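Trainee: Could you take one part of this structure and go through it closely? I would like to see how the side chains pair up.

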Amino acid sequence: MIQLAPSLLSADFTRLGEQIEMLEEAGIQVLHLDVMDGNFVPNISFGPLVIKALRPLTKMVFDVHLMIEKPERYIETFAEAGADIITIHQEASLHVHRSIQQIKAAGKKAGISLNPGTNHQVLDYVLEDLDLVLLMSVNPGFGGQTYIESTDRKLREIRNWIDARDLDIRLEVDGGIKATNVHRVLEAGADLIVSGSDVFGALSPIERIREYYQVFASYGR
């Protein structure tokens, strides 16, 4: 099933409760939460206290994307804060397999994210342990960037790889996605779509979300 995961990074932080209600009204089931430390990426966002404060407000799946160095230091903290999925960067952890084990031991689903310039072959020996692969289609750190077109090929290669191994893994893509270009990542095999500024920056976010789901419906999966 194809799903949209709006990125809270682009929301109005003075109205988070209202915006979460709006997403639920629009039928959103997954909320993407970008955690940035100012070291791994050149920006700082929010941490576990914000996630913990939001957790009682909704039953949406919290898809927590840790764009931080040495994420293994904080896996248990984000699990306790209310994350459902914890995704770390291949490039940020020296011992990725151990970090995946930490996430699973905390009772959460585990994801690995790859930056645009990272070859997906680095996942070869951990793919069977994952619940999610997140491809960055922009260089991480800021919203509103332009989609990097080489992501199409990487998505197709990973989708073929997942299917060939008959694995139950969500293939997520994040960066530069809009209702007007989302078809390209769906055709390439993505099934969890992160969109931030295109949703929250729309005159009517609810109408924009409906536009996404109209496109999703045409793919029948």
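Mentor: What follows is a look at the salt bridges, and then at one serine. This is a predicted model, in which local features need pLDDT of at least 70 and side-chain atom pairs count only at pLDDT 80 or more, while totals for chains, interfaces and linings use all residues. Residues are numbered from 1 along each chain as its sequence is written, and side-chain values use heavy atoms, with hydrogens and water left out.

A salt bridge is a side-chain nitrogen of Lys or Arg within 4 Å of a carboxyl oxygen of Asp or Glu. The whole structure has 14 salt bridges. One of them joins Asp191 and Arg170, with 3.2 Å from N to O. Asp191 is in the loop between helix H6 (182-187) and E8, whereas Arg170 is in strand E7, so the pair links distant parts of the chain, 21 residues apart. Helices (H or I, at least four residues) and strands (E, at least two) are DSSP runs, numbered from the N terminus.

How accessible are these two? Buried means under 20% relative accessible area, exposed means over 50%, and partly exposed is in between (1.4 Å probe, protein chains only). Asp191 has a relative accessible area of 10%, so Asp191 is buried. Arg170 has 23% relative accessibility and therefore counts as partly exposed.

A second salt bridge is that of Arg165 with Glu128, whose closest N and O atoms are 2.8 Å apart. Arg165 lies in the loop between helix H5 (151-164) and strand E7 (170-174), and Glu128 in the loop between strand E5 (109-114) and strand E6 (132-136), so this pair ties together parts that are 37 residues apart in sequence. Arg165 is partly exposed at 26% relative accessibility, and Glu128 is partly exposed at 47%.

In the salt bridge between Arg15 and Asp12, the closest N and O atoms are 3.8 Å apart. Arg15 is partly exposed at 35%, as Asp12 is at 29%.

Now the serine. Ser195 is in strand E8 (residues 192-195). With a relative accessible area of 1%, Ser195 is buried. Its side chain has a polar contact of 2.8 Å with that of Tyr212. A polar contact is a pair of N or O atoms within 3.5 Å; within protein, one must be able to donate a hydrogen and the other to accept it, and residues adjacent in sequence count only if both atoms are side-chain atoms.
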